[in-house]
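Here are my comments on the model, as numbered points.

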Amino acid sequence: MTGIFDALAAGDVIDGAAFAVSRETIRDFCDASLDYNPLHLDDAYMAGSFGKTNFGGVIMHGMTNFALITRMLTDWAYAKGAVHRRLETRWLKPARPGDTLRPQGRLKAKQVTSRSRWVTIDIEMRNQRDEIVATGEAMVEFP
Amino acid sequence: MGPAVETDFWKDAARRKIWDEIVPGEKRKTIPYHLTLEAIQRYCRAVDDLHPLYFDADYARRSVHGGLIAPPAIHILLMFACTPADDWMRSPGTVNAGQSWSYNLPARPGDTITLEARALDKFIRKERLFVVHDNVFFNQHGAVICSGRGWTIRPM
């Protein structure tokens with residue numbers, strides 16, 4: 001474990017799996033999360049505007065981004081005997097059916113505290129046009 | 001999914017607090033939720049997260065966790081599972097702007113989950129109405145599973 005933590009360096013890249021968004025994946029996420037907001041299901045509702053915003057159609061749950069980033073982090077941490085401890089995210093662009101999303105992490109810093117060891121990780125989620133749809137920051141503990 | 005789950009978010013819309021009525025600091029109503037392996041695995045499949053800690057009982061038993069667990073982001077399900085149909089998080093048009101969560105212990109199949117939740121802040125920015133909510137999930141032993149905040153844009 002000590003060797004694993006010591007070998008990590010700022011700039012190390014963590015690649016997540018690609019995820020193809022469709023109406024079916026959005027519906028599955030509704031059933032999995034119990035979040036049936038019409039933003040994700042109702043074409044007629046989404047034809048309208050929300051104050052200054054018009055999405056132009058149904059959109060994926062923002063928390064799907066969160067879940068996909070979490071999977072990337074836990075796959076990375078579990079394999080190293082480490083623990084995913086924190087994730088902060090901001091959604092910058094909506095994702096829609098037909099988009100393909102891929103998260104990536106970049107190790108920002110290592111920190112040793114009185115009782116443990118930590119890494120902080122910058123997160124970006126990009127779509128198939130290489131647009132950033134979400135950003136974030138994570139902390140992983142190496143007990 | 002149990003028959004009690006309401007999938008029509010319009011049905012109780014008139015009973016939910018709008019931005020003007022939400023009081024920062026005021027607790028939200030919450031309900032205990034029995035977390036099943038079926039619900040965990042439905043969530044995992046929906047996000048292509050098939051790690052054996054969530055699916056393979058033998059693998060999980062040999063791990064440091066000693067048994068199957070839920071992935072950290074299971075709070076995505078728990079947020080809706082632990083709140084009633086008239087909770088303002090369900091208001092149609094609620095847009096999620098971002099969230100931050102800290103993780104203490106994994107949730108496990110069979111846990112009874114409780115939630116302490118409140119609006120923490122509300123503000124107007126760029127003509128949009130924001131509410132910040134904060135939340136702590138506990139297991140049946142009173143131990144913290146995770147805690148987090150979210151920023152939502154409220155429907156106008």
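How many residues of chain B are in contact with chain A? The points below start there; note that the model is predicted.

1. **Contact between the chains.** 35 residues of chain B are in contact with 35 residues of chain A. On the chain B side, the elements that give two or more residues are α1, α4 and β2. β2(B) provides the largest share, 9 residues. By type, this side of chain B divides into 21 nonpolar, 9 polar and 5 charged residues.

2. **Pairing across the chains.** β2(B) also pairs with a strand of the other chain. Strand β3 of chain A (residues 83–91) is joined to β2(B) by 5 bridges, and the two run antiparallel. Within this pairing, T89(A) stands opposite Q99(B).

3. **Pairing within chain B.** The strands concerned are β2(B), residues 95–103, and β5(B), residues 144–153; they pair in the antiparallel sense over 8 bridges. β5(B) pairs with β4(B) (residues 128–138) as well, again antiparallel, over 9 bridges. There, F130(B) has I153(B) as its bridge partner.

4. **The hairpin.** β4(B) and β5(B) form a hairpin with 5 residues between the strands. G142(B) in this hairpin takes a positive phi, near 80 degrees.

5. **Helix α1(B).** This helix covers residues 37–46, and its buried residues are A39(B), I40(B), Y43(B), C44(B) and A46(B). They lie on the same side of α1(B), because the arc they cover around the axis is only 165 degrees. What covers them? The cover includes α2 of chain A (23–33), along with α2 (52–55) and α4 (75–81) of chain B. After the helix comes D48(B), with a positive phi near 55 degrees.

6. **Chain B overall.** Chain B has 4 helices and 5 strands. Along the sequence the pattern reads β-α-α-α-α-β-β-β-β. The radius of gyration is 17 Å, close to the 15 Å that the globule rule gives for 156 residues, so chain B is as compact as a globular protein of that length. The C-alpha trace spans about 50 × 30 × 30 Å along its principal axes.

7. **Burial and contact range.** Of the 156 residues in chain B, 38% are buried. Take the contacts in chain B between residues at least 6 apart in sequence: 70% of them join residues at least 24 apart.

Technical notes: Residues numbered from 1 in each chain as written. Chains lettered and ligands numbered in written order. Predicted model: local features only at pLDDT ≥ 70, side-chain atom pairs only at ≥ 80, totals over all residues. Buried ≥ 20, exposed ≤ 12 C-beta atoms within 10 Å, placed from the backbone. Arc of directions from axis to C-beta. Contact = placed C-beta atoms within 7 Å. Rg over C-alpha atoms; globule rule 2.2 N^0.38 Å. Pairing = 2+ DSSP bridges. Nonpolar A, V, L, I, M, F, W, Y, C, P; charged D, E, K, R; others polar.
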